[in-house]
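Subject: Structure handover and notes

Hello,

Please find the structure below.

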Amino acid sequence: MATAIPPLKDSEKIEFGYAHADSKLANNADTASSIIIASYNIRYAVGSYLISNGLLRKIGLMGDRNRSRQVGSNIQAAARAFTEGKLLPRVDVLALQEADKQTKRTGKHHVARELAEALDLDWIHVPAGLPRGVKPKPRQWWLDFEEPIDLHDSGDTGIGLLSRFPLSGVTRIDLPWHECPWRPRLAMAATVTVGQRSLRMINAHVDPHAAVGGQLEQLEALVEEADKNSGPTLILGDFNTLSKTKVVETRSFFERHRYATPFPSGTATWRGMGIRLHADWIFCRDLKISRCGVARPLSVSDHWPIWAEVEL
C-alpha cells in the first residue's frame with residue numbers, strides 16, 4: 001500500500017486562521033440546542049461548468065484573463081449563500097474540498113481563508129502537498145475535464161474546515177492511494193466544541209480514480225481514525241460515488257460501522273451536461289440529525305453544498 005507523503009514541512013501540513021474574537025462572544029454556545037454543518041466541494045470557486053469549460057479549454061477557446069475576478073466573485077456568492085438563509089440555514093461549521101491556495105487556476109486566491117474571512121469564521125486549511133514538476137499520468141477520459149494545476153505552480157489544493165465554534169485536536173489524514181500519485185487524497189479530523197459539548201468531525205475527499213475496492217480502502221482509513229474517538233462523530237465530504245455501485249457500497253460500508261446518513265441514495269449533489277450524481281455525503285454516529293438538504297441553485301462549483309442540522 002502506498003501512502004501519500006506530501007513534500008511539505010511539518011509546519012506547512014496544517015494552516016490555521018482565526019476570526020475576530022467578538023464573533024465568538026455572540027454565539028451563546030451554552031444554550032445552543034443544535035448547529036448547522038455543511039460540506040461543499042467548492043472546486044476552487046471557478047464555477048459550475050466542469051465539462052463544457054473543459055472542452056473549450058482543450059480546443060483553446062477558454063482563457064483565464066478574468067480568472068481572479070471570477071473566483072473572487074464566486075467566493076462572495078458562496079459567503080452570501082452560507083449566511084442569508086435562503087438556500088440553506090446559516091452555517092456554523094463548513095467542510096470544504098478542492099479549496100485551492102494561491103494557484104494560477106484560482107487567480108491566486110486562497111479560497112478557504114477568503115471564504116472564512118467573508119463569513120467571519122475560524123478556519124483550517126490542509127494542503128495536499130502536490131509534487132512540483134511531476135507530469136500526471138493519464139486519467140480516465142471522464143475525469144479529464146478538470147483543469148490541472150500547472151506542473152510548477154507554487155500554489156496547492158487541499159481541504160478546509162471553517163467554524164463558528166472552537167476547533168481542537170486537528171489531525172491530518174493522508175489517505176492510501178494507488179492510481180493517482182500526482183494528486184494525493186487526504187482528510188482531516190477536528191473536534192468542534194459548542195459550550196460544554198463536543199463532537200468529532202472528519203472532512204474527507206475520496207479518490208474518484210479508484211475502483212470500488214480502492215475507495216473502500218480509503219473509507220477504512222477514515223473509520224479507523226474516527227474510532228479513536230468514542231463520542232459523537234460526523235464523517236462528511238466528497239466521496240466521489242460516481243456510480244450506483246459506489247453509492248451502494250459506500251453507504252453499506254458506513255452502515256456496517258454504525259453510521260447513518262439522512263440523505264436517500266441517489267440524492268443529486270453534482271451535475272454536469274445534464275448528468276446528476278450523488279457524490280457528497282454526511283454520515284453520523286451517536287448523533288441525531290433533525291433536518292438536512294442540498295443547497296440549490298448555487299453556481300460556484302459543479303457540486304452543490306449539502307447540509308444538516310445536528311441536535312446537541
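A residue is called buried here if its relative accessible area is under 20%, exposed if over 50%, and partly exposed in between (1.4 Å probe, protein chains only). Because its relative accessibility is 0%, Leu175 counts as buried. Leu175 sits in the loop between strand S7 (167-174) and strand S8 (176-177); helices (H or I, at least four residues) and strands (E, at least two) are DSSP runs, numbered from the N terminus.

The model is predicted, with local features needing pLDDT of at least 70 and side-chain atom pairs counting only at pLDDT 80 or more, while totals for chains, interfaces and linings use all residues. Residues are numbered from 1 along each chain as its sequence is written, and side-chain values use heavy atoms, leaving out hydrogens and water.

Helix packing

Helix H5 (residues 212-226) packs against helix H6 (residues 244-256) at an angle of about 25°, and their axes are 11 Å apart. Axes are lines fitted to C-alpha atoms, for helices over the stretch in contact, and angles run from 0 to 180 degrees between N-to-C directions. That angle makes H5 roughly parallel to H6 (under 35 degrees; over 145 is roughly antiparallel, 65 to 115 roughly perpendicular, the rest oblique). On the H5 side, the contact (heavy atoms within 4.5 Å) is made by Val212, Gln215, Leu216, Leu219, Glu220 and Val223. H6 contributes Thr245, Lys246, Glu249, Thr250, Phe253 and Phe254. By class, the residues of this contact are 6 nonpolar, 3 polar and 3 charged (nonpolar: Ala, Val, Leu, Ile, Met, Phe, Trp, Tyr, Cys and Pro; charged: Asp, Glu, Lys and Arg; polar: the others, Gly among them).

Aromatic pairs

Rings of Phe, Tyr and Trp (its six-membered ring) pair if their centres lie within 6.5 Å; planes under 30 degrees apart are stacked, over 60 edge-to-face, and the rest tilted. The count by this rule is 7 aromatic pairs. One of them is Tyr40 with Phe82, edge-to-face at 5.9 Å centre to centre and 70° between the planes. This pair links strand S3 (residues 34-41), which holds Tyr40, to helix H3 (residues 67-84), which holds Phe82, 42 residues apart. Tyr40 and Phe82 are both buried.

Phe239 and Phe254 also pair edge-to-face, at 5.7 Å centre to centre and 80° between the planes. Phe239 lies in the loop between strand S11 (233-238) and H6, and Phe254 in helix H6, 15 residues apart. Both are buried. Phe239 and Phe254 belong to one aromatic cluster with Phe253, Tyr259, Trp281 and Phe283.

Regards
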